[in-house]
Amino acid sequence: MWRHLGVLTIEAIMSDTLTITDNRTNKTYEIQIRDGSISAMELRRIKENPEDFGLMTYDPALTNTAACRSKITWIDGERGILMYRGYPIEQLAKNSDFLETAYLLLSGELPTAARMNKWKHNVTVHSMLHENIKKFMEGFQYTAHPMGIFLSTVGAMSTFYPDAKDIFNEDSRKMQTLRLIAKVPSIAAYAYRHSMGLPYVYPDNDLSFTGNFLNMLFKMTELKYQPNPVLERALDVLFILHADHEQNCSTSAMRGIGSSHADPYSALTGAAAALYGPLHGGANEAVLRMLAEIGTVKQVPAIIKSVKNGERRLMGFGHRVYKSYDPRAKIIKEVADLVFAVTGKNPMLDIALELERIALEDDYFVERKLYPNVDFYSGLIYQAMGFQPDMFPVLFAIPRTAGWIAQWEEMLLDKDQRITRPRQIYEGPEKRDFIPREKRR
Ligand code: CMC
């Protein structure tokens, strides 16, 4: 049984090593410090006796465990910095578009004009869904949550592309990457049209990635859909902001499932399921429902009080990594102004602004470093653009697909990685003998 009452003295004696004295045995160990971390496996050398398993770390929710080395995304939570492959998010949001940013995340570099043209062409020609996928989607109830439809359909795609199992074949990985990036907007749009009882709209190859997405969502009887350029650009910026966010819950799910060598569609289904939860990508939907429930600016102090009493959480606030303003939320506030100039202001904006104003002055939020996160304002924009709240997590999943695939591929090619398999501290019963049913009390 793993219950040690011993005491460890830990001392960093040089800049690159850590000396640990195990006070149970008086033995001293020297452990290498590399990149601000120590290898957890080194602790296994620390034993009370030779039969002992060795020391583990206990880290529920993995709050202080680096589970991989990554070259994709960097977050400085204290200073509110986010970079993809070294490029600050503000510069990408200003100068790039989603497809280019996806290329950057996946390949490591921004594309030349020729490479960008090829990438765009390849994504465009893969946007159609197999007709049987449409039939599969038709089986859902009209009331089905679009995120449930989305993640089930991505999982079903695994059966359409059995070549995806060849995960160590680079060409196969490239093909699945194209299919996924190109087809997730089509799946999302069909999920939306299905829930509205509207016929599906086929992709229009003349339009941009986001312009075509708007076409598949909102085209009615017109012969050619013309996306509003402000909304098309706003969606591009929102997609850039959501494209990756290092080792969050859904990305960890993607890596974890992928580590068993499942195909990328199956792994991405698990990642999307993790995103669905209200503490992660489902928070944007939860924010809108919360704002609707608050109803008026006058009710804001009451909701703040109930949050402080521990009765509820302020959705769209707080983050595991950011302990200052989420840089994505700052950019989203600017996008909101542009969108509202076209669509008219979302009446719930005033409630959100008042919530933020009070929260940022209140000791409860200040002491806990709780600031608005990416989900606080994104829902207001999506709603103004005509989306129902239950589409919001799906809108998060489309761009995050790029990040998930980039992280999945990095994990597969990382020689340090093996099947994910955490340890536990067992607290259940000691060994006991089976009692026949008739003799049990
Ligand atoms: N409202 C009120 N109190 C909060 C909130 C909140 N939104 N978030 C954290 N706290 C409090 C929490 O009660 C705790 O207080 P105490 O120390 O008194 O117990 C303290 O702040 C630390 O919270 P925690 O739960 O230990 O923090 P965490 O890092 O485990 O959770 C979080 C991070 C994002 C799940 C959490 O802040 C939360 O539930 N926020 C609301 C949901 C949300 O907006 N999620 C979207 C996150 S951003 C999009 C994405 O990348 O997923």
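Strand 4 and strand 5, residues 81-84, pair in the antiparallel sense over four bridges. Strands here are DSSP runs of E of at least two residues, numbered from the N terminus, and two strands pair if DSSP finds at least two bridges between them. Tryptophan 74 has methionine 83 in strand 5 as its bridge partner, and isoleucine 75 has leucine 82 in strand 5. Four residues lie between the two strands of this hairpin, and glycine 80 takes a positive phi near 65° there.

These strands belong to an open sheet of three, in the order 4-5-6, with antiparallel pairing. Strand 4 (73-76) and strand 6 (87-88) are at the edges with a single partner strand each, so one side of each has no neighbour in the sheet.

Before going on, a word on the source. This is a predicted model, in which local features need pLDDT of at least 70 and side-chain atom pairs count only at pLDDT 80 or more, while totals for chains, interfaces and linings use all residues. Residues are numbered from 1 along each chain as its sequence is written, and side-chain values use heavy atoms, with hydrogens and water left out.

pLDDT is the predictor's confidence in each residue, from 0 to 100. The chain averages 94, and 97% of the residues score at least 70. Over residues 1-5 the pLDDT is below 50, and this stretch has 10 contacts in the model beyond near neighbours in sequence; a contact means heavy atoms within 4.5 Å.

There is another hairpin. Strand 2 (residues 17-22) and strand 3 (residues 27-32) pair in the antiparallel sense over six bridges. Aspartate 22 has lysine 27 in strand 3 as its bridge partner. With four residues between the strands, asparagine 26 takes a positive phi near 65°.

Now the ligand. Which residues come nearest to the ligand? Of the 19 around it, they are His280, Arg313, Leu314, Gly316 and Arg320; being near takes a heavy atom within 4 Å.

A polar side-chain atom of tyrosine 364 lies 3.0 Å from a ligand nitrogen. For arginine 368, a polar side-chain atom is 2.9 Å from a ligand oxygen, and an N or O atom in the side chain of asparagine 373 is 2.9 Å from an oxygen atom of the ligand.

Methods: Polar contact = N/O pair within 3.5 Å; in protein donor to acceptor, adjacent residues only side chain to side chain.
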